[in-house]
Amino acid sequence: MKSDKTFLVAGGDLRQAFVAGHLAREYTVYALGFDNDVELDDRVIPIESVCELGGPPDYIVFPIPASNDSEHVNMPLSHKHTRLQDVLEAASPDTVIFAGKAGKSLAAMCHLQGLELIDYMEREELAVLNAVPTAEGAIQIAMEEMPTTLYGQKCLITGFGRISKALIRALSGLGMEVSVSARKYGDLAWIQVYGCKAVPIRELPSVVGQYDLVLNTVPAMLFDRSVLRAMKKGSLLIDLASKPGGVDFTMAKELGVKAIWALSLPGKVAPVTAGEIICNTIRNMIQERGSE
């Protein structure tokens with residue numbers, strides 16, 4: 001039996017299309033911004049404007065990020081442009097707003113309207129599970145771009161967060177010799193427990209030339225001219241860090257270093273899984289609120 005709660009899923013990539021489909025199994029779901037030849041679940045109600053809603057939805061789900069310009073909804077699968085404010089005007093004071101990487105603009109709009117805004121990207125369960133498709137996507141890129149097998153090659157991962165831990169497990173299983181670079185002594189100790197060689201981040205310029213594949217997860221400028229110049233000829237550098245990233249791509253091109261900035265991999269390589277992760281996270285938050 002379906003709940004009497006209603007959702008509006010506004011904009012986003014294929015992840016959000018699958019979020020709408022997953023939610024439609026339990027709720028009434030309207031979807032805005034999927035007019036560009038996107039096949040939605042039959043239970044989802046597509047709309048072209050919030051004017052088509054029967055009334056204020058109980059929940060509005062914005063994508064990742066909610067907006068690219070602080071004014072319009074991020075709607076890459078639509079030919080149209082819809083303002084954030086226009087979507088929020090369809091809400092009632094009781095409507096809860098979910099968004100990924102909400103941004104200051106949406107937060108300010110919600111504050112002015114007295115609407116509760118929850119950023120689902122800040123949830124630990126989403127961050128942990130999202131690390132898996134990110135790691136798999138990075139490995140796919142490495143397999144496509146490297147002229148060798150991954151087996152038997154040396155890999156360096158910079159940073160020791162969730163994505164790094166997922167990468168360690170996957171790359172080690174593929175037979176790579178994995179080293180991990182970090183700043184904190186506690187992290188360096190854990191890296192050894194994970195069965196990898198621990199490399200203090202300060203040593204990066206002197207050791208980076210040993211590796212065939214380098215994966216950065218740190219959103220800070222680690223790969224500047226001095227580090228890029230020291231990289232092994234023919235090696236591959238994949239930056240998985242969110243903006244502003246950790247690689248000077250202009251310098252990498254100038255020095256002939258093959259560098260790829262791989263953003264939003266879950267939505268690109270595994271939108272069904274990524275959508276399910278987002279949907280389950282939203283369900284968890286609703287259950288915690290006791291508002292089922």
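Q: Which hand does the crossing of helix 4 and helix 11 have?
A: Helix 4 passes helix 11 in a right-handed crossing. Right-handed means the near helix is turned clockwise from the far one by less than a right angle, left-handed anticlockwise. Helices (H or I, at least four residues) and strands (E, at least two) are DSSP runs, numbered from the N terminus.

Q: What kind of model is this?
A: This is a predicted model, where local features need pLDDT of at least 70, side-chain atom pairs count only at pLDDT 80 or more, and totals for chains, interfaces and linings use all residues. Residues are numbered from 1 along each chain as its sequence is written, and side-chain values use heavy atoms, with hydrogens and water left out.

Q: Back to helix 4 and helix 11. At what angle do the axes cross?
A: Roughly 165 degrees, and the axes come within 9 Å. Axes are lines fitted to C-alpha atoms, for helices over the stretch in contact, and angles run from 0 to 180 degrees between N-to-C directions. Helix 4 and helix 11 are therefore roughly antiparallel (over 145 degrees; under 35 is roughly parallel, 65 to 115 roughly perpendicular, the rest oblique).

Q: Which residues meet there?
A: E125, L126, L129 and N130 in helix 4 meet I277, I278, T281 and N284 in helix 11. Contact means heavy atoms within 4.5 Å.

Q: And helix 5, how does its axis cross that of helix 4?
A: At roughly 45 degrees, with the axes coming within 8 Å. The two helices are therefore oblique to each other. The crossing of helix 4 and helix 5 is right-handed.

Q: New topic. What order do the strands of the sheet take?
A: The order is 9-8-7-10-11-12, in an open sheet of 6 strands with parallel pairing. Two strands pair if DSSP finds at least two bridges between them. Strand 9 and strand 12 stand at the edges with a single partner strand each, so one side of each has no neighbour in the sheet.

Q: Which strands does helix 4 lie across?
A: Strand 10, strand 11 and strand 12. Helix 4 runs at about 155 degrees to strand 11. Helix 5 packs on the sheet too, touching strand 7, strand 8 and strand 10.

Q: Last one: is S181 buried or exposed?
A: S181 is buried, with a relative accessible area of 0%. Buried means under 20%, exposed over 50%, partly exposed in between (1.4 Å probe, protein chains only). S181 is in strand 8. Not counting residues up to four places away in sequence, S181 touches several residues, including L156, V199 and I201.
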